[in-house]
Amino acid sequence: MNNNTKFGILLLAASIAGSATTLVASSALHSSDTTTADTFLGNDPAQGGRYTSAALTPAGSVDLTVVAENTINSVVSIKNLATVQQQYYSGDDWDPFEFFFGPGFGGQQRRRQQQQQPKQESKGMGSGVVISTDGYIVTNNHVIDGAEKIEVTLNDNRTFNATLVGTDEKTDIALLKINAKDLHPLSFGNSEVVKVGEWVLAVGNPFGFNSTVTAGIISAKARGLSESSNGIKAFIQHDAAVNPGNSGGALVNTAGELIGINTMIYSQTGNYSGCSFAVPSSTVKKVVTDLKQYGTVQRAVLGIQYKELDAELAQEKNITATAEGLYVAEVNDRSAAKEAGLEAGDVIVKLNGAGVKNSGEMQEQMNKLRPGDKAELQYYRDNKLKTTTVTLKNNQGTTKVTKSSDVMSLGCAFAELTASEKRDLGISAGVKVVGVKNGKFKSAGVKDGFIITEINNVSVNSRDDVENIYNQIMRSSDNNKVMFITGIYPTGRPGYFAVPIADEED
């Protein structure tokens, strides 16, 4: 996009109080084999789950009122609460000198001190979708980002405080849990079999109006948006109206199945203008399963750099057997692709039987897979079709999955430094490592008495600082979850450590 255009991709975690707005998107699909949220959370739907498209209701006989009635009780309102600073003045309300001579002449003016009083206020509002009877809820990461407290209101006006189970910035998905029973979860549909032109409903809370339902059709699949701040390249595009507050809400098909989580709009004004985008349910299902089971998302890596094949590239490389696919420009050393025999110049056309003619379709398929999974690749080499099986790896080049842990897994405690200790060491901030036991710090070589001044280039001065940085790393979408520690020994000698903080499982 150039500087002359006023259109933009907008996230929609809408707030009626005037804070950050977020826009959403929707999508639709149909499947006769659906997985209830309970089953999905209890098993592993991302692996081996069978999806079958259900026949569409003939045009003109679709009763969307039934779909709406069966959906609105599964969509919730989410409020993001955070502490803001409120100014107030202390002192007497009346001073006779100021009354007669004006401000600045009384003793009260000199005694007044501007103070800060913390107050928790709404930072933004969005939507969420109930996916289990016992209180699991999926929403957008940007809806709850930075929240100190998350408040969930059901369609029957019951309100709960939610616990953040996990979040994934890369797909903009977060998983919450409330202490409730006998809720009304939506069943997952199959976003992969959705067809352009299918009817869909978007259900959410735009501008704070609860249980709002809008209708539209699927406009496109696997839509890649280079302007997207979080790098998702496989959206469902639809034209059901979504606005600030719809973020995290449901996109459902005419069978009332969840086929996407509304996330973005393309807008000139910040409100709906015809293009909405949703994260496909196949991606959502995989992400929330990982978050519940491991605390972090497991991402498989093929290990190639590629370009989308077009007429010009095909002519340049003398490719005549196919007009579309992903042209392999480079194969990384020690990668899954290298071990499977892929070479630069190959053109990948299918992954596990699904066509991958663009980066959006490739990402949609890869989003369902984990390190260690086997996948079948079909590709052309020298204009001849070939097939190979690849065992996918993670970013570290292994087939292991990583599991989230808490700050206690570091295996130590942290003591704040006194002013004299900081002065003697010539530092302005730092915490001392004490009581090192078996854990991640000991494994990395950190010993009692070492003073940490920075973690990942962020200054630390308390245990809370360490814990906050730890939690940020664990919630990030980066597969390399490492604390890069800078500090000094009591002798003044500098020290540096890299501490991996994600547990690995075979």
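Student: How many aromatic pairs does the structure hold?

Tutor: Four, in this predicted model. A pair of aromatic rings is described by the distance of the centres and the angle of the planes. Take phenylalanine 414 and phenylalanine 441: the ring centres are 5.9 Å apart and the planes stand at 85 degrees, so this pair is edge-to-face. Phenylalanine 414 belongs to strand β21 and phenylalanine 441 to helix α11, so the pair ties together parts 27 residues apart in sequence.

Student: Are phenylalanine 414 and phenylalanine 441 buried or exposed?

Tutor: Both are buried. Now look at phenylalanine 450 and phenylalanine 497. Their centres lie 5.2 Å apart with planes at 90 degrees, so they too are edge-to-face. Phenylalanine 450 sits in the loop between α11 and β23, phenylalanine 497 in strand β26, 47 residues apart. Ring pairs join Phe450, Phe497 and Tyr489 into a cluster.

Student: What is the relative accessible area of phenylalanine 450?

Tutor: It is 0%, under the 20% cut-off, so phenylalanine 450 counts as buried. Phenylalanine 497, at 13%, is buried as well.

Student: Which residues have the most contacts inside the largest nonpolar core?

Tutor: In soluble globular proteins, nonpolar side chains tend to be buried together. Here the largest core has 26 residues, and Val129, Ile131, Val138, Ile173 and Val284 have the most contacts inside it. Helix α6 supplies the largest share, four residues. Another core, of 23 residues, lies apart from it and includes Val446 and Met483.

Student: What does valine 284 touch?

Tutor: Val138, Ile173, Phe188, Ile261 and Val279, leaving aside residues up to four places away in sequence.

Definitions and conventions: Residues are numbered from 1 along each chain as its sequence is written. This is a predicted model: local features need pLDDT of at least 70, side-chain atom pairs count only at pLDDT 80 or more; totals for chains, interfaces and linings use all residues. Side-chain values use heavy atoms; hydrogens and water are left out. A nonpolar core is a set of buried Ala, Val, Leu, Ile, Met, Phe, Trp, Tyr and Cys residues joined through side-chain atoms within 4.5 Å. Buried means under 20% relative accessible area, exposed over 50%, partly exposed in between (1.4 Å probe, protein chains only). Helices (H or I, at least four residues) and strands (E, at least two) are DSSP runs, numbered from the N terminus. Contact means heavy atoms within 4.5 Å. Rings of Phe, Tyr and Trp (its six-membered ring) pair if their centres lie within 6.5 Å; planes under 30 degrees apart count as stacked, over 60 as edge-to-face and the rest as tilted.
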